[in-house]
Amino acid sequence: MKSKFVKLKDITKIYKTPGGKTFTAVDNISIDINPGEFVTLLGPSGCGKTTTLRMIAGFEVPSEGDIYIGEEMVNSLTPDKRDTAMVFQSYALFPHLNIFENVAYGLKIKKLPPKAIEEKVKNILALVNLEGLENRAPNQLSGGQQQRVALARALVMEPSVLLFDEPLSNLDAKLRVYMRTEIRRIQKQIGITSVYVTHDQAEAMSMSDRVIIMNKGIIEQVGSPQEIYNKPATEFVADFIGVANMFTSVVKEVGDRYVAIELFDQIFKAKKRKDFNVNDKVKVVIRPEALSLREDEGIKVKVKTSVFMGAYQDYVLKYGEEEIKLTDYNPTNKKVYSEGEDVFLYINENSLHLI
Ligand code: ATP
C-alpha cells in the first residue's frame with residue numbers, strides 16, 4: 001500500500017463562538033509525519049487534538065497555515081479528495097447493511113467492478129481477522145469486532161493516510177488493550193501513515209512511533225514514548241505523562257557534561273541535557289520508580305504513607321516539608337516499611353532530569 005508524509009505548516013484554527021467572540025483552538029503548530037509512521041496526538045480535553053485531526057481530514061478548514069499530504073497542498077480539498085480515511089470512536093457502521101456490504105460500500109460508490117470489490121473486501125476482512133462474518137449485521141458483532149469492521153472499511157479504500165479519532169473509547173478495558181496491539185499489527189503490516197488521537201496516555205505510549213503532546217492549542221513536546229517519559233521537555237509533560245516528583249532547585253555548578261544542583265541538602269550531579277547557568281532556577285524531575293529505599297545509605301526520610309498495590313508498594317515519604325513519591329516494584333520479596341518509620345532514600349543521579 002502507498003503511504004505519504006503529512007506536513008502541517010504554521011497551522012492555526014480560530015473558532016467563532018456564538019457570542020461573536022473568537023477562540024483559538026490550535027495556535028500556530030507545525031508537525032512533520034513521516035511516511036509509514038504512527039503518530040499520536042495526546043493531551044487533555046480541549047487541547048485541540050481533535051481539531052487538528054479534523055483539519056488533516058478536511059472536516060475543518062485551518063484559519064491559517066498549510067496542510068500537505070505527500071507533495072500536495074490539500075487546504076482547499078474536500079475530505080473525499082484527500083486520500084485519507086478516518087476511523088471514528090462511534091464506528092459509524094450502516095446498521096441495515098451486513099459486514100460485507102459495509103466494507104464494500106465505498107468501493108461501490110467508486111463503481112469498481114463486483115469481482116474487484118469482492119476480492120478487496122475478502123483480503124481486508126482477512127487482514128482484520130473477520131473472515132466468516134461477512135453476512136452478519138453490525139448489531140450481531142461485539143464492540144471489538146465492530147471496530148475492526150470500521151477499520152476494514154477505512155483500509156479497503158487504500159488511503160495513503162489513516163486517521164483515528166479515539167477509536168477505542170467505547171470498548172471495555174481488556175478489549176481496549178487487545179485492540180491496541182491489533183491496530184498496531186495491521187498498521188505495521190501495511191505500513192500506512194497513521195495519525196491517532198487519544199487522551200489515554202497508555203494507548204499513546206504503547207502504540208506510537210512518536211507522540212505529540214498538546215496543551216491549550218500548542219505543542220509541548222514531540223518525541224518517542226521513551227523520550228516523552230524519560231526526558232520531558234516541560235513541567236506540563238512531566239506531570240501529564242505518568243507520575244512525577246518535581247522539586248524546585250538552584251543550579252550550583254555547570255560542568256561540560258553535568259549540572260550540579262542542591263536537593264535535600266545534598267549536592268547531586270545531573271546529566272546536562274541543555275544549557276544552564278549557575279543560579280538558574282530548575283525543576284528536578286524524578287520518577288517514583290527510579291527511587292529506592294535503603295537501610296543505611298542515603299537521605300534520612302520518614303514514611304508518611306505505605307500502600308500495597310499488588311505489583312508494587314506505593315510510598316509517600318517526608319523530608320522536612322517536602323513530599324516524595326516512591327514506587328517499589330515486587331514488594332513481596334523485600335522489606336516493606338510502615339507509616340511513621342524512618343528509612344533512607346537513595347537517589348541514583350542518572351535518574352535526575354532537569355527542566
Ligand atoms: P476532547 O478530547 O475533549 O475532544 P480535544 O483536545 O480533541 O478535546 P478539540 O475538540 O480539538 O479538543 O477542541 C479544542 C477547543 O476548541 C475546545 O475548547 C472546544 O470547546 C473548542 N471547539 C471545538 N470545536 C468548536 C466549534 N465548532 N466551535 C467553537 N469552539 C470549538
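Modeller: A polar contact here is a pair of N or O atoms within 3.5 Å; within protein, one must be able to donate a hydrogen and the other to accept it, and residues adjacent in sequence count only if both atoms are side-chain atoms. This is a predicted model, where local features need pLDDT of at least 70, side-chain atom pairs count only at pLDDT 80 or more, and totals for chains, interfaces and linings use all residues. Residues are numbered from 1 along each chain as its sequence is written, and side-chain values use heavy atoms, with hydrogens and water left out.

A polar side-chain atom of T50 lies 2.3 Å from an oxygen atom of the ligand. For G46, a backbone N or O atom is 2.7 Å from a ligand oxygen atom, and for C47 a backbone N or O atom is 3.0 Å from one. Of the 640 Å² of accessible area that the ligand has on its own, the protein covers 62% (Shrake-Rupley method, 1.4 Å probe).

The residues around the ligand (a heavy atom within 4 Å) are Y15, F23, A25, P44, S45, G46, C47, G48, K49, T50, T51 and E166. Among the elements (DSSP runs: helices H or I of at least four residues, strands E of at least two, numbered from the N terminus), α1 gives the most to this shell, with three residues.

E166, one of the shell residues, sits in the loop between β7 and α5 (173–190). E166 has a positive phi of about 45° although it is not a glycine. Because its relative accessibility is 10%, E166 counts as buried (under 20%, with a 1.4 Å probe and protein chains only).

Note on methods. Buried means under 20% relative accessible area, exposed over 50%, partly exposed in between (1.4 Å probe, protein chains only).
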